[in-house]
Amino acid sequence: MTTNVTVTPVAATAPKSATAADLDAARDAAQRYLALAGQVLSMTEGEAVAAQREASTDAAGPALVDDLRRRLAALRAAFPAGGLRYRVAPLAVRVSSGGAGRASVELWYVGVLSAPTFAPYEEWRLSRYELVWERGEWRVAAESSGPGPRPASPPGPPPATAREFESVLDGFTTVA
């Protein structure tokens with residue numbers, strides 16, 4: 001599924017130049033935002049909406065919240081038994097300055113969705129976040145996501161069933 005949400009951001013009080021430290025902070029903010037994708041499934045809708053609003057610029061917040069609600073509703077309709085887990089691991093990142101107070105961050109990552117009674121599956125994705133310095137932090141002004149390059153799978157044992165998958169990972173904590 002490809003997601004594209006774009007909102008024209010408001011002007012921000014921002015760093016005057018895109019220093020390496022500013023871009024490092026933007027990269028870190030984008031990685032935290034990506035980690036949120038793995039966390040929202042365990043949140044109530046109210047908690048997920050509040051987290052999305054906090055991560056978004058004021059201008060982008062309403063559209064990003066609406067998109068989140070649509071995606072969560074689609075997932076919950078596809079997997080009505082609940083127990084959904086989405087594990088996300090970024091593998092590579094590219095950051096570029098968009099000028100004072102703006103940055104673009106692209107992340108290549110793998111996400112693994114698991115649910116009771118369904119075979120877990122992985123998806124290799126590229127996500128791009130347009131960030132704006134607002135309210136003293138980097139916040140998401142726009143995002144897009146689509147398929148990323150996928151490495152070949154070596155021959156090996158068959159994929160784990162949902163039960164095997166979760167039982168082996170029982171007791172593990174998410175690495176953010």
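Among contacts in the protein chain between residues at least 6 apart in sequence, 64% join residues at least 24 apart. The model is predicted. Its protein chain has 176 residues, and buried residues make up 36% of them. The accessible surface of the protein chain is about 10000 Å², with 58% of that area belonging to carbon and sulfur atoms.

Four helices and five strands make up the secondary structure of the protein chain. Along the sequence these elements follow the pattern β-α-α-α-β-β-β-β-α.

Strand β3 covers residues 102-115; ten of its 14 residues are buried, so the strand is largely enclosed by the rest of the structure. Burial here means under 20% relative accessible area. In a regular strand, side chains alternate between the two faces of the sheet.

β3 pairs with strand β2 (residues 85-97) and with strand β4 (residues 118-134). The two pairings are set out below.

| Pair | Bridges | Direction | Example of opposite residues |
|---|---|---|---|
| β2 and β3 | Twelve bridges | antiparallel | S96 and S104 |

Conventions: Residues are numbered from 1 along each chain as its sequence is written. This is a predicted model: local features need pLDDT of at least 70, side-chain atom pairs count only at pLDDT 80 or more; totals for chains, interfaces and linings use all residues. Side-chain values use heavy atoms; hydrogens and water are left out. Buried means under 20% relative accessible area, exposed over 50%, partly exposed in between (1.4 Å probe, protein chains only). Helices (H or I, at least four residues) and strands (E, at least two) are DSSP runs, numbered from the N terminus. Two strands pair if DSSP finds at least two bridges between them. Contact means heavy atoms within 4.5 Å. Accessible areas come from the Shrake-Rupley method with a 1.4 Å probe; for residues, only the protein chains shown count as cover.
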